[in-house]
Amino acid sequence: MKVPLSWLQRFVDVADLSLDELVDAMSLHGLEVEEVHLPGRGTSGVRTKRVVAWGPHPDADKLRVVQVTDGTTETELVCGAANFDVGDVVAHAEVGATIPGRDEPLRLEARELRGVVSNGMLCSARELQLGEDHDGIIVLDEDTPLGADLAELLPVGEPVIEVAVLADRGDHHSILGIAREVAAILDREVRGLSVEEPPTAGGVPVDLSGTVRGDVVGCSRFVAWTVEDVTVGPSPWWLRQRLAQCGVRAINNVVDITNFVMLETGQPLHAFDVDRLHGPELTVRWADAGETLVTLDDQERELLDTDLVIADADRIVSLAGVMGGADSEVSATTTRVLLEGATWDPLTIRRTSRRLNLVSEASLRFERRVDPAMAPVAVARAAELLVELAGGRIVAATDAGEQAAPPPAVTLDAAWVARFLGLTDLDAGTQASLLRREACEVAVDGTTLTVSPPSWRGDLGRPADLAEEIARLYGYERIPATMPAVPLQGGLSRPQRAERRLRETVLAAGFHEVRGRPFVGDDALEGVTPSDGRVQLTNPLAKDAAAMAPTLVEGLLQVVRRNVGQGRPGTAVFELARIFRPAGDAVEASLKGFGDGWRWTDPDGTPLPTQPRVLALAAQGLRTGPGWLAEGETWDVYDLLAVLDAVVAGVAPADASNARSAARLLDPTWKLERHATERDGFHPGRTAALVLRGVEVGVVGQLHPAEAERRDLVEPVVVAELLVEPLLEHLVGEDLVPVQAVDLVRHPAMTVDVALVADESVSYAALEGAARAGAGDLLDELWFFDEYRGEQLGEGQRSIAMRLRLQSPDRQLTDDDAEGVIAAVGREAEVIGARLRA
Amino acid sequence: MADLAAVQEAALAALREASTVGELDEARVRFTGKRSELVAAQGEMRDLSPDERKAQGQAINAFKRAFEEAYETRRDALAAAELEDRLRGERLDLSLPPRRVPPGRPHLLTQVLDEIVDVFVGLGYRVAEGPEVESATYNFDLMNIPPDHPARQEMDTIYADVEGPSDVVLRTHTSPVQARVMTTTAPPIAVVVPGRVFRADAVDATHSPVFHQVEGLLVDEGVTMADLRGTLLTFARAMFGPERQIRLRPSMFPFTEPSAEVDVSCGFCSGQGEACRVCSGTGWIEILGSGMVDPAVLSACGIDPDRYSGFAFGVGAERVAMLRHGVTDIREFFEGDVRFLARF
C-alpha cells in the first residue's frame with residue numbers, strides 16, 4: 001500500500017515528526033515500511049504557463065514552436081507534443097529549472113533545435129515522475145493560476161511511504177487504515193470521514209436473499225446510490241495525482257472517484273451506467289455453472305456455482321467483488337451512475353479470484369476482509385465527490401442487508417499477558433489503554449479484560465492476538481532478554497555425529513563439498529540401485545528440472561563439466577544429500593534391513609516418496625593440489641573405493657569379538673563388497689556394485705568413454721554413490737558394545753611374503769581369503785603389495801603378492817612356523833584354483 | 001718366519017689406499033683374515049723358542065693394535081665421507097609443493113549450518129530432521145495455514161505429482177518438522193532443524209528455488225517472549241560478535257502470535273552511514289523471523305496451549321553466509337565452481 005504523506009496527514013497529524021522518525025515508529029510497531037518513494041524529487045523552477053500561440057516548426061514536421069506566458073512575460077520554446085492548444089495551462093520548465101533525472105536532476109538550458117532556440121521545455125507527467133503518461137504534456141485545469149511553482153499545486157517530490165501489508169491486516173489496504181494504525185502507534189486522534197446522510201428516496205431494489213448458503217453469507221450488505229446529471233470527463237489534476245502516487249491509472253472522473261475512495265477507505269466500489277442496466281431490480285446470487293460474463297478487461301469468464309454475481313433483469317452485470325461487467329460500465333456518454341459498495345464473503349472472493357487467476361484491487365481487499373461498516377460511508381463519500389467533481393445530483397439510495405456482526409468480545413487475563421510477554425510490570429490498566437488505542441472497547445474487572453475489537457479488526461479473536469497488540473504498541477524493544485528455565489539435555493545424536501565424521505572423511509581425501517539443486521530432466525544417468533522411478537513435479541520450474549533427482553551422480557557430473565569448462569586439469573567433488581524415489585521404489589529393498597529412519601509418512605501413515613541420504617563422489621582428470629599437478633596421475637576408481645571403505649570403517653561397528661588383534665578390526669560383516677557389474681554409461685570393465693551385509697547399497701565406476709565424450713568431459717571420470725542410511729541407522733537406539741582393549745603381544749613378529757598365481761577370473765578377495773585362512777591364528781596383519789602378469793605365468797594368469805605379519809601371544813615363532821604357514825596358504829589356494837608361485 | 005714388519009707396512013698402506021668401506025674390509029680380510037700372513041704367523045708360533053715366541057707375540061700384538069687403530073680411523077673417515085656423499089645426494093628442495101592432494105573444503109553453507117546448529121546444541125537443543133518432499137498436512141495445515149490462507153499461495157509452492165490423502169509438496173520451510181516433533185514428543189521440547197527448502201522462484205542473483213533454513217522450536221510451561229528475545233540475542237552474539245544488539249519488529253507469520261522479524265545491529269559499518277553495503281546506513285540487518293508458537297499450532301499438534309507455550313524462529317543460511325562473507329550472487333552456492341567451493 002502506497003501512502004502519500006499529505007494524504008496520511010489528512011487523517012492523523014504527523015506534521016511534527018521527521019520522515020525518518022515517522023518511518024521508524026511505523027516499522028517498529030507493526031507497519032512494515034518497504035520503501036519511501038520520492039516521485040518528482042529534484043523538480044524546481046517548473047511554472048504554470050498559458051499557451052498564447054503555437055505554430056509548426058519551420059524545419060521539423062513533428063515539432064511545434066510555442067509561445068507561453070505567465071501573464072506578464074512571454075517565452076518561446078519548442079515542443080514535440082501535440083495534445084495542447086492555445087489557452088491551455090501547461091507546466092513549463094524554464095531555463096535554469098531542474099527536472100528529475102534517472103540518477104541526478106537535469107538542469108535545463110536554452111537549446112537550439114533545428115534553428116529555433118527553445119527556452120526550456122513543456123513537461124509530461126512522466127518527465128516529472130508524476131505518472132506514467134508520456135503521450136503528451138501535462139495540460140492543467142483551466143482555472144490554474146499562472147506563474148505558480150508547480151510544486152505548490154501538485155505533490156511534486158512528496159514522500160510516498162510504501163507499506164508491506166501483513167496477510168492478516170486487510171484493514172491496512174487503505175489510507176484510513178494506515179492512519180488509524182499510525183494514530184494508535186503514536187497515541188493520537190484519528191480525524192475520521194464525515195459523510196452526508198443518504199437521500200430518503202429509495203433506489204434500485206436489490207435482492208440478497210439468494211446469497212446465504214449454509215454457513216456462508218455471500219453478501220451481507222449492499223449499498224447503491226443513484227447519481228444523475230453526471231458529466232464524464234477527465235479528473236482534476238489533484239485527483240489524478242493522488243491515483244498516480246498510489247500506482248493507479250486515471251481513467252475518467254467517475255472511475256477515478258471510485259478508485260480514490262477505495263484507496264482512502266479500503267472499500268472497493270463499482271460504478272454502473274444506470275441506462276445500460278436492464279432494470280429495475282438487481283439480484284445478488286450465486287452463478288449457475290457454465291454462465292459467462294465478459295469482464296471489464298474484455299475477457300469472457302466462465303463461472304461456477306461457487307462464484308457470486310450481480311445480475312439485472314436479463315443477465316449478469318458484475319462478478320461480485322472481483323470485477324464489473326464490460327457492457328454496463330461507465331462510458332463517455334454516461335449521465336446516470338449507480339455507485340455500488342457491498343460486503344462480500346472473503347473466502348468466496350478469494351476462491352473465485354484464484355480460480356480465474358484474476359486479481360483486482362477489489363478482490364485483493366475483499367479476500368482479506370473489508371470493514372463491514374464501511375460500505376455506506378464509502379458510497380456516500382464517492383457520491384459527494386461525483387457531485388463536486390462531475391456535476392452529479394444524488395437522487396436515491398438503497399441499503400440492503402445489514403452490517404455484519406462486529407467481532408465477538410474476547411476475555412483476556414492481564415496477568416497471563418504480562419507473564420507470556422515477560423513484561424511482569426505491565427498491569428491491566430496499561431494493557432486496557434493500549435488496546436483502546438486500537439479502537440477496542442475494553443472493560444476491566446481486576447485482571448480480567450473484556451475486549452470488543454472494532455468492526456475492522458476481524459483478526460482479533462484470541463488472547464494471543466490481543467497479546468500481540470499489547471506488545472506491539474507497548475514496544476517489542478521493551479521486552480527484556482531472559483533465557484528459558486527449561487531442563488534440557490541436548491546434543492547431536494549418534495547418527496548425526498557419524499554423519500559429520502563421514503563428511504570429514506571424504507574431505508580428508510581431497511574432495512570439495514557441493515550442494516546442488518535436486519532436480520533432473522529426462523535423461524539423467526542412474527546412480528545407486530537403478531530404477532525408472534521418478535518423483536515428478538506438477539509445476540516444475542524448467543523442463544530440465546521436471547523431477548526430483550533419483551541420484552546425485554547426474555548433478556555432480558554437471559558440476560564436473562562446469563569445472564572442466566573453466567580449464568581445470570582435475571576436479572574432485574562430493575555431495576551428501578537426499579535422493580528421491582517414489583514410495584515402493586526398488587531402492588527400498590536396499591534399505592529395509594537397516595531400520596526405518598528413512599521412511600517418512602503422511603499423518604495417516606501413507607508413505608511419502610522414499611528419500612534416503614546418499615553420498616556421491618565424482619573425480620575427473622589429474623590429481624592436483626595448490627600449485628602442482630601430477631602429470632599422468634589421474635583419479636581412478638580405487639581412489640573412490642578407498643574413500644568409501646574409509647567412510648564405512650568410520651561408522652561401522654568395531655569387531656568387539658576379536659580379542660586378539662590390537663588393530664581396530666571392523667565387524668567382518670560390515671565390509672563393503674564389490675561385485676563387477678555393467679551399467680549404461682559406465683565402463684564395462686571398471687564398474688562394481690557395492691554390497692553391504694548382503695544388499696546392494698551403492699555403485700562405483702568409471703564413465704564409459706562414449707559417455708564422457710557425450711558430456712564433453714576429459715577422461716577419466718570416475719563416480720560413486722552410496723546409501724548412507726544403512727551406515728547411520730545401526731547407530732540409532734541400541735547400546736553399542738564399547739571396543740575393549742587387548743594385551744599387546746610382546747613376542748617378536750615374523751614377516752612372510754606369499755605370492756599366489758591364479759586365473760584372472762579368481763578375485764583378489766578370494767586370494768586374500770586363502771592367505772588369511774592359511775595363516776590362521778598366527779596372522780596379525782596382511783598387506784597386498786604387488787600384482788604381476790607375465791609370460792612365465794601363462795596367458796590369462798596373474799600373481800598376487802601379499803606380506804603377512806605373524807605373531808603368537810605365547811611363544812617366539814620359528815622358521816618352522818613360517819614354512820607351516822606357507823604350506824597352509826598353498827593348500828587353501830588349491831581349494832580356489834590357485835597355487836603358490838614358485 | 002714372515003717379515004711382520006714388511007707385512008705390517010703393506011697392511012697399513014693397503015688401509016690408507018682403500019677408498020671405500022668395501023675396499024677397507026677387503027684389506028682387513030687380506031691382512032687379518034684366516035688366510036692372512038698374520039694368522040699364518042700366529043700358527044707358526046708354537047714352533048718357536050720361548051724367547052722368539054715372546055718377541056714374535058709382541059710383534060704380532062703390535063701389528064694387530066696398529067692395524068686395528070689404523071683400520072678404525074680409516075673406516076670412520078671413509079664412513080663419514082660416504083655418509084656425507086649420501087646426504088649431499090639426497091638433498092631436497094623443500095620449497096617444492098608437496099605432491100599430496102590436500103583435504104577438500106566443506107561447503108560454505110555446511111559451515112554456516114553447522115555453526116548455527118552448534119550454538120543451539122550448546123544451549124541444550126537437539127537436532128531434528130524431516131523429509132524434503134513433505135505432506136502438505138505438515139507443511140501447511142498443522143502450521144495453521146489452511147488451504148485458502150493467502151500465505152499458502154504466497155509461498156510459491158512446488159508440488160510433487162504424487163497421489164495421496166493430502167497434497168505432497170517440496171517443503172516450503174523447515175517448519176513442518178516442528179509439527180513432526182510436536183506430534184511425537186511431549187514437552188519440554190527444544191530442537192533445531194537445519195534443512196533444505198524449496199520455492200517456485202526462478203533462478204537469479206537473489207532468488208533460488210532451493211535454499212537452506214535453520215528452524216528452532218522451544219516448548220514448555222511458562223516460556224515467554226522475553227525468553228525468545230534472550231535466546232535470539234545469545235544466538236546473534238554467537239554468530240555475529242559479542243557486541244551485537246538485536247531489535248524485534250512486529251510481523252505476521254501464520255504459525256506464530258505474536259510474530260517478530262529480528263534485526264541484528266550492523267557490525268560491518270559500525271554506523272558509518274549510507275555507504276555500508278550491508279545495512280545501507282540503517283544500522284540494522286534483518287536476519288530471521290520468529291514468534292511465540294500460535295496456540296492453534298500447539299492444539300493441532302496435540303499440545304495443550306493453556307498449559308504450554310513456546311517460541312519458534314527460522315534463519316536463512318544463505319542470507320547469513322551472504323552477509324558474513326560478502327557473497328553477492330546466490331547462484332554461486334549451487335553451481336559447484338571449485339573456485340567458490342575452495343575459497344571458504
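This section describes the interface, the sheets and selected backbone features of a predicted model.

Local features were required to have pLDDT of at least 70 and side-chain atom pairs pLDDT 80 or more, whereas totals for chains, interfaces and linings use all residues. Residues are numbered from 1 along each chain as its sequence is written, chains are lettered from A and ligands numbered from 1 in the order in which they are written, and side-chain values rest on heavy atoms, with hydrogens and water left out.

The interface between chain A and chain B was examined through contacts, defined as heavy atoms within 4.5 Å. Chain A contributes 93 residues to this contact and chain B contributes 99 residues. The two chains bury about 7900 Å² between them, with 59% of that area on carbon and sulfur atoms; buried area denotes the accessible area (1.4 Å probe) that two parts lose on being put together, summed over both. Of the area that chain A buries against chain B, 10% is supplied by A:Tyr476, A:Arg515 and A:Arg517, more than by any other three residues.

Polar contacts were counted as pairs of N or O atoms within 3.5 Å; within protein, one atom must be able to donate a hydrogen and the other to accept it, and residues adjacent in sequence count only if both atoms are side-chain atoms. Between chain A and chain B, 39 residue pairs are in polar contact, both residues being at pLDDT 80 or more. On the side of chain A that touches chain B, helix H13 (residues 494-508) of chain A gives the most, with six residues. Helices (H or I, at least four residues) and strands (E, at least two) are DSSP runs, numbered from the N terminus. By class, this side of chain A comprises 42 nonpolar, 24 polar and 27 charged residues. In this classification Ala, Val, Leu, Ile, Met, Phe, Trp, Tyr, Cys and Pro count as nonpolar, Asp, Glu, Lys and Arg as charged, and the others, Gly among them, as polar.

Salt bridges were assigned where a side-chain nitrogen of Lys or Arg lies within 4 Å of a carboxyl oxygen of Asp or Glu. The count over all chains is 66, and six salt bridges are found across the interface of chain A and chain B. A salt bridge joins the side chains of B:Glu335 and A:Arg562, with an N to O distance of 3.7 Å. Within chain A, A:Arg710 forms a salt bridge with A:Glu707, their closest N and O atoms being 2.9 Å apart. These two residues, A:Arg710 and A:Glu707, are separated by about one helical turn because they stand three residues apart in helix H17 (residues 705-710) of chain A.

In chain A, four strands form an open sheet in the order E17-E24-E16-E25, with antiparallel pairing. Strand E17 (270-273) and strand E25 (393-401) of chain A each have a single partner strand, so one side of each of these edge strands is left without a neighbour in the sheet. From one strand to the next, the twist averages 20 degrees. Angles run from 0 to 180 degrees between N-to-C directions, and axes are lines fitted to C-alpha atoms, for helices over the stretch in contact. Four bridges pair E17(A) in the antiparallel sense with strand E24 (residues 337-344) of chain A, and A:Asp273 stands opposite A:Val337 in E24(A). Helix H9 (residues 374-390) of chain A packs on this sheet, touching strand E16 (219-228), E24 and E25 of chain A, and its direction makes about 160 degrees with that of E24(A).

In chain B, an open sheet of seven strands has mixed pairing and the order E1-E4-E5-E9-E8-E7-E6. Strand E4 (residues 189-198) and strand E5 (residues 210-220) of chain B run antiparallel and are joined by 10 bridges; B:Val193 stands opposite B:Glu215 in E5(B). Helix H5 (residues 108-122) of chain B lies across E1, E4, E5 and strand E9 (309-316) of chain B, at about 5 degrees to E5(B).

Two cis peptide bonds are described here, from A:Glu715 to A:Pro716 with omega near -5 degrees and from B:Glu257 to B:Pro258 with omega near -5 degrees. A:Pro716 is found in the loop between H17 and strand E39 (717-723) of chain A, while B:Pro258 lies in strand E7 (residues 256-265) of chain B.

How values were computed:
Two strands pair if DSSP finds at least two bridges between them.
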